[in-house]
Amino acid sequence: MQKVSLYRSPWLRAASIAACVLLAAFIFSMSAEPATVSGDRSTGIAEQILSAVVSDWEQMELHAQNEMLSSADHILRKITHFCIYTALGVLLCLASLGFAATRRVHVLRSLLIGALYAASDELHQAFVPGRGPAVTDVLLDSVGALCGIAVLLLIVCCKCNKRQDPVSLSHLR
């Protein structure tokens, strides 16, 4: 297999790595929040969404509102996990593409770093008041990273196809 790199500029390499570090720092800071702070934020957002999309939200009984809010909050948290790690997957793969490697190495390198960061993030939460690690979140985060990697590589491949290179990224070396 031929080695592929999307760009060679040291400035772009540094910028793509910096973007990964900044997003990782953001994830870390959100994970460092106690459960009460994090829960209040996500519940507030879920409540705003429900009041906007459920026509009789204000007329519902409090018990029914709380049940729906609990489910919406859980779903919102999982979607957020997936989306933030999808963005991390894109950035990790973009950073990887700044270095010559096979496409397989780009995918595996990006996925491994994303999955290891997800695992370390969950471990970190074991030390945060009211929070704890969840293997399901590591899996969800890893799938999110993989989706981000796949989306970026699809975009890059489509760009290459438009440049008359239908099979590979080899001209981007």
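Q: Is glutamine 125 buried or exposed?
A: Glutamine 125 is buried, at a relative accessible area of 4%. Buried means under 20%, exposed over 50%, partly exposed in between, with a 1.4 Å probe and protein chains only.

Q: Which residues does glutamine 125 touch?
A: Leaving out residues up to four places away in sequence, glutamine 125 touches Ser31, Arg131 and Gly132. Contact means heavy atoms within 4.5 Å.

Q: What kind of model is this?
A: This is a predicted model, where local features need pLDDT of at least 70 and side-chain atom pairs count only at pLDDT 80 or more, while totals for chains, interfaces and linings use all residues. Residues are numbered from 1 along each chain as its sequence is written, and side-chain values use heavy atoms, with hydrogens and water left out.

Q: What is the mean pLDDT of the protein?
A: The mean is 91, and 93% of residues reach 70 or more. pLDDT is the predictor's confidence in each residue, from 0 to 100.

Q: Where does pLDDT stay under 50?
A: Over residues 165-169. The model has 13 contacts beyond four places in sequence for that stretch.

Q: Switching to packing: what angle do helix α2 and α3 make?
A: About 110°, with the axes 9 Å apart. Axes are lines fitted to C-alpha atoms, for helices over the stretch in contact, and angles run from 0 to 180 degrees between N-to-C directions.

Q: Which residues of α2 and α3 make the contact?
A: Among them are Ser38, Ile45 and Leu50 of α2, and Met68, Asp73 and Arg77 of α3.

Notes. Helix = DSSP H or I, 4+ residues; strand = E, 2+ residues; numbered from the N terminus.
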